[in-house]
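Good morning, everyone. Please take a look at the model on the screen, and then I will walk you through it.

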Amino acid sequence: MIRNYFKIAWRNLRNNKVYSFINIAGLATGMAVALLIGLWIWDEVSFDSYYPNHKKLAQVLTYQTMKDGSGSSKSISMPLGVALKNEYSDIFKRVSLASWNDEQLLLYGDKKIPGNGMWVQEDFPAMFGLKMLKGNEGALKDPSAVLIDESMAKAIFNDEDPINKVVKVGDKFNMKIAGVYKDLPRNTNFYDTKVLLAWGNKENWRNTQTEWENHCGQLFVELNDGVTMRTADAKIRNVPTSKIEEWKEEAIVYPMDRLHLYGGEFENGKEREGRIQFVWLFGIIGAFVLLLACINFMNLSTARSEKRAKEVGIRKTIGSVKSQLIGQFLCESILVAVLAFILSLALVELSLEFFNQLSDKEMSIPFSNIIFWLLTLGFTFFTGLIAGSYPAFYLSSFEPIKVLKGTLRAGPLASLPRKVLVVLQFTVSVTLIIGTIIVYRQIQYAKNRPVGYNRDGLITVGMGSPDLWGKFEPIRNDLLATGVVANMAESSYPTTNFGQNNGMQWRGQDPSRVIFFRDVNVTHDFGKTVGWQILRGRDFSKDFATDSSAMILNEATAKILGFKNPLGEIVKFRGKPFTVIGVVKDMVTESPYEPIDPAIFVCEGWMSVINIKLKPNAPVHDALAKIENVFKKFSPNYPFSYHFTDTVYDTKFSAEMRIGNLATFFAILAIFISCLGLFGLASFVAEQRTKEIGVRKVLGASVFNLWKLLSKEFIALVLISCLIAVPLSSFFLNKWLMNYNYRTDISWWIFVISGFGAMIITLLTVSYQAIKAALMNPVKSLRSE
């Protein structure tokens with residue numbers, strides 16, 4: 001009997017090719033979207049699960065409470081790591097301090113290979129279960145040892161055995177290759193970490209830090225068997241509290257499994273929403289897009305009910321019971337779902353490379369994974385049941401006497417469920433359109449935010465090579481002599497990421513109020529080079545010998561200090577007095593969505609970055625070649641590496657841009673599925689009203705009148721969808737925008753444009769069938785009358 005069901009289903013699909021194509025194509029598109037989103041969600045929720053003991057791994061955070069509020073940080077003090085290792089061995093199996101991930105340069109022979117690296121303690125490789133291809137995971141006990149990943153080893157040594165080979169790190173000091181580990185997958189936190197340097201090496205300045213107030217690294221732990229995260233957190237919570245007098249600080253054991261999705265950011269006792277909100281968002285979008293495809297199947301199946309009515313009547317007359325008819329129609333929908341699933345796999349395979357670029361991932365269909373096939377086949381079966389359930393129960397409920405007598409006629413309420421489903425389809429589509437516009441508007445709003453300096457033609461060059469240290473004037477003179485450089489200055493940080501310090505005192509300061517300032521060391525021409533805006537006082541100048549003890553504040557700092565006129569005020573910083581000589585406009589150096597942090601600038605201290613301003617009319621390619629020649633003159637063994645400030649600044653929008661691109665992609669597919677269903681319904685309505693159209697045409701109706709007659713019902717449905725989508729999207733998008741301190745508003749014209757766009761799409765979709773029906777010769781439709 002089941003075989004007979006599928007045979008009849010296949011015959012029906014062949015006999016109604018247009019409707020079959022619309023059903024299968026729509027369902028395949030919906031299933032492809034669901035599969036893509038499923039792969040994306042799995043990649044997100046399985047982040048860091050590559051590590052064998054990932055459920056026992058945690059990062060230790062600090063939580064600081066001050067007068068103005070409280071918040072968490074991944075930056076910890078070095079003594080905290082020492083304390084956990086020495087005093088809490090009953091809680092932690094392994095403990096490892098680590099630096100931040102910075103670019104390192106490995107030199108071997110004539111090869112100079114850059115790669116991100118970290119200083120880590122000896123427990124780190126075993127803690128994260130690095131798969132050692134050569135050497136062993138305990139090699140970092142040797143202070144001169146370095147571990148590299150497989151791709152780095154291949155780049156430096158080709159097929160040569162790297163073990164015990166000596167490499168120069170950053171053209172500064174030598175270290176010995178003690179091991180090679182397998183490249184980490186893309187969905188791990190340390191994916192781009194290519195070099196692990198032994199913590200005990202004398203070049204690692206963090207190894208000598210003993211101040212609890214100095215937060216300059218990270219801390220990772222692995223729990224002992226039987227110890228829970230909650231227990232470990234409670235045990236070490238107050239370890240830093242008694243060591244710091246200026247503010248209250250606590251330690252938090254934060255599971256690595258949560259780190260990627262939730263971020264580990266707390267503010268005033270509440271955890272901020274992280275990427276998990278996007279997992280939920282795209283999960284809901286995937287479910288709705290699949291629902292849209294199922295609605296198409298339901299609508300077209302019920303709309304064509306009169307064509308299947310006699311079949312149902314005859315089957316019931318010769319003995320078929322309702323359950324058999326339901327089984328037949330469900331088999332038909334499951335067959336459609338299976339065909340759609342096969343097509344969806346092809347669509348996913350074809351679009352996966354594009355989708356990976358869009359989402360910045362490396363995903364693939366796990367064809368060899370039995371769990372994948374069980375889930376997808378179950379998903380296909382479930383989709384078939386959902387799509388076919390309503391048509392099956394609807395068609396099987398026809399009374400055979402009415403059907404065979406020809407008295408079964410669809411009443412005015414018969415089309416109501418179809419209308420409700422069309423409204424639901426376009427409500428989802430219009431909501432996605434509005435959401436996409438708002439996301440891009442928020443990104444553009446932040447991009448247009450005044451940054452307080454001029455990014456155009458500004459490049460930064462790192463001072464990783466010791467050959468560049470202490471040669472500011474010769475390098476500056478040679479750069480200016482190239483004719484392509486307008487100005488040049490050194491600084492301790494690039495303009496896109498300033499450091500932070502809390503050690504500043506001033507007159508009238510509230511001792512209970514602890515404030516962290518972003519402190520930047522600069523040379524005299526820094527302001528002229530980056531183009532900052534002086535609001536009060538003056539810039540640094542070589543004409544004033546006293547500027548070595550001068551300070552410039554940004555607006556946020558001036559406001560915190562509270563002086564009516566801050567110029568000439570003496571503040572104590574780094575244990576010595578500085579005189580305030582100027583106030584500059586706030587510069588956006590961190591997140592463009594957050595308030596500006598207080599910042600101070602002084603003409604002293606270490607420098608790590610050279611800022612270069614290109615002349616406006618200088619050809620970029622030629623300018624970079626001339627600048628490279630200057631750096632090669634002073635540091636011939638170090639590769640010339642630079643960054644355009646505007647490009648680095650744009651990366652601050654990458655997460656939102658990615659979400660916007662994905663939302664656009666899914667919105668387009670949702671609209672396509674909705675229009676596909678609308679096209680099928682319009683085709684059916686035109687076919688159903690062929691004789692009515694013929695009569696109206698004979699009586700003098702114009703093509704325009706007939707087009708309006710067939711289109712107005714669909715326009716009304718889309719208009720209702722817009723009226724529902726507007727408040728719905730407004731509520732959820734306002735909630736999303738509340739995550740940003742610097743945010744755009746939701747203007748009325750966004751809803752108007754979205755609604756108008758939906759109307760235009762609807763008209764274009766139904767007009768083909770409407771005009772085709774209106775142009776038909778009435779003789780053909782009325783011949784049988």
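What share of the contacts in the protein chain with a separation of 6 or more comes from residues 24 or more positions apart? The share is 80%. Contact here means heavy atoms within 4.5 Å.

Two ground rules before we go on. This is a predicted model, where local features need pLDDT of at least 70, side-chain atom pairs count only at pLDDT 80 or more, and totals for chains, interfaces and linings use all residues. Residues are numbered from 1 along each chain as its sequence is written, and side-chain values use heavy atoms, with hydrogens and water left out.

Now the overview. The protein chain has 23 helices and 26 strands. Those are DSSP runs, numbered from the N terminus: helices are H or I with at least four residues, strands are E with at least two. Along the principal axes, the C-alpha atoms fill a box of roughly 105 × 60 × 55 Å. Of the 785 residues in the protein chain, 52% are buried. Buried means under 20% relative accessible area, exposed means over 50%, and partly exposed is in between, with a 1.4 Å probe and protein chains only.

Next, the cores. A nonpolar core is a set of buried Ala, Val, Leu, Ile, Met, Phe, Trp, Tyr and Cys residues joined through side-chain atoms within 4.5 Å. The largest one has 112 residues. Phe-282, Trp-532, Phe-540, Phe-601 and Phe-666 have the most contacts inside it. Take Phe-540. Beyond its neighbours within four places in sequence, Phe-540 is in contact with residues including Trp-532, Ile-552, Ile-581 and Phe-601. A second, separate core has 73 residues, among them Ile-76, Leu-97, Leu-106 and Ala-178.

On to helix packing. Two packed helices are described by the angle between their axes and the distance between the axes. Axes are lines fitted to C-alpha atoms, for helices over the stretch in contact, and angles run from 0 to 180 degrees between N-to-C directions.

Start with α21, residues 703-737, and α22, residues 748-774. Their axes come within 8 Å and cross at roughly 155 degrees. So α21 and α22 are roughly antiparallel to each other. The cut-offs: under 35 degrees is roughly parallel, over 145 roughly antiparallel, 65 to 115 roughly perpendicular, and the rest oblique. The residues of this contact divide into 19 nonpolar, six polar and no charged. Ala, Val, Leu, Ile, Met, Phe, Trp, Tyr, Cys and Pro count as nonpolar, Asp, Glu, Lys and Arg as charged, and the others, Gly among them, as polar.

Helix α13, residues 416-447, also packs with α22. Here the angle is about 135 degrees, and the axes are 10 Å apart. That makes α13 oblique to α22. Phe-426 and Arg-441 are among the α13 residues in this contact, and Trp-749 and Thr-762 are among those of α22. By class, the contact has ten nonpolar, two polar and one charged residues.

Last, two single residues. Val-609 sits in strand β25, residues 609-614. Val-609 is buried, with a relative accessible area of 8%. Its contacts beyond four places in sequence include Thr-460, Met-463 and Tyr-493.

His-215 lies in strand β12, residues 215-223. Is His-215 buried or exposed? His-215 is buried, at 19% relative accessible area. His-215 and Ser-73 are 142 residues apart in sequence, yet their C-alpha atoms are 9.3 Å apart in space. His-215 also touches Ile-76 and Trp-247, among others.
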